[in-house]
Amino acid sequence: QVQLVESGGGLVQAGGSLRLSCAASGRTFSRYTIAWFRQAPEKEREFVARVSPSGGSTYYADSVKGRFTIARENAKNTIDLQMNSLKHEDTAVYYCTAGVFRDPLVVGPTNVRWYDYWGQGTQVTVSS
């Protein structure tokens, strides 16, 4: 099992940057795929970015590609999401999550159902 705690959210002007951090605990942290999701009011929770257990493979939603960067340091049990060129539509609660392998024919790693453990979320508000 793994426990996740996000931090770093806040209020920022459009065009600005924020860096979110996720502190993880658990013996098997390095075995998990880690992802960030976000959820805006009245909307479904949506995929933002993920990183493989080794940190060698990353994938981003089209809406954030080129602006956000996900990284992990397994030795420190941390995951960061660097967010640049923020837009008003990035406003949401951001969640760090961890999941083990699942059959991609059943559920994929951009689906919330891939993931087993979730942080409490951190609010990001981008003013226009």
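Trainee: Over how many bridges do E3 and E8 pair, and in which sense?

Mentor: This is a predicted model, in which local features need pLDDT of at least 70 and side-chain atom pairs count only at pLDDT 80 or more, while totals for chains, interfaces and linings use all residues. Residues are numbered from 1 along each chain as its sequence is written, and side-chain values use heavy atoms, with hydrogens and water left out. Strands are DSSP runs of at least two residues, numbered from the N terminus, and two of them pair if DSSP finds at least two bridges between them. Leu-18 stands opposite Met-83 in E8, and E3 and E8 pair in the antiparallel sense over 6 bridges.

Trainee: Which residues make up the covered face of E3?

Mentor: The uncovered face of E3 holds Arg-19, Ser-21, Ala-23 and Ser-25. The covered face is formed by Leu-18, Leu-20, Cys-22 and Ala-24.

Trainee: Which residue does a disulfide join to Cys-22?

Mentor: A disulfide is a pair of cysteine sulfur atoms within 2.5 Å, and the structure holds 1 of them. The S to S distance is 2.3 Å, and the link is left-handed, with -85° about the S-S bond. It connects distant parts of the chain, 74 residues apart, from strand E3 to strand E9. The residue joined to Cys-22 is Cys-96.

Trainee: Is Thr-97 buried or exposed?

Mentor: Buried means under 20% relative accessible area, exposed over 50%, and partly exposed in between (1.4 Å probe, protein chains only). Thr-97 is found in strand E9. Because its relative accessible area is 0%, Thr-97 is buried.

Trainee: Which residue has the backbone oxygen that the side chain of Thr-97 reaches?

Mentor: Contact means heavy atoms within 4.5 Å. Not counting residues up to four places away in sequence, Thr-97 touches several residues, among them Leu-4, Phe-37 and Trp-118. At 2.8 Å, its side chain reaches the backbone oxygen of Tyr-117.

Trainee: How exposed is Gln-120, in relative accessible area?

Mentor: Gln-120 lies in the loop between strand E10 (117–118) and E11. Its C-alpha atom is separated by 7.8 Å from that of Leu-4, although the two residues are 116 residues apart along the chain. Gln-120 is partly exposed because its relative accessible area is 48%.

Trainee: Which members of the largest nonpolar core touch the most other members?

Mentor: A nonpolar core is a set of buried Ala, Val, Leu, Ile, Met, Phe, Trp, Tyr and Cys residues joined through side-chain atoms within 4.5 Å. The largest has 35 residues, and the elements that give two or more residues to it include strand E4 (33–39) and strand E8 (78–83). Those that touch the most other members are Trp-36, Ile-79, Leu-81, Met-83 and Tyr-94.

Technical notes: Helix = DSSP H or I, 4+ residues; strand = E, 2+ residues; numbered from the N terminus. Polar contact = N/O pair within 3.5 Å; in protein donor to acceptor, adjacent residues only side chain to side chain.
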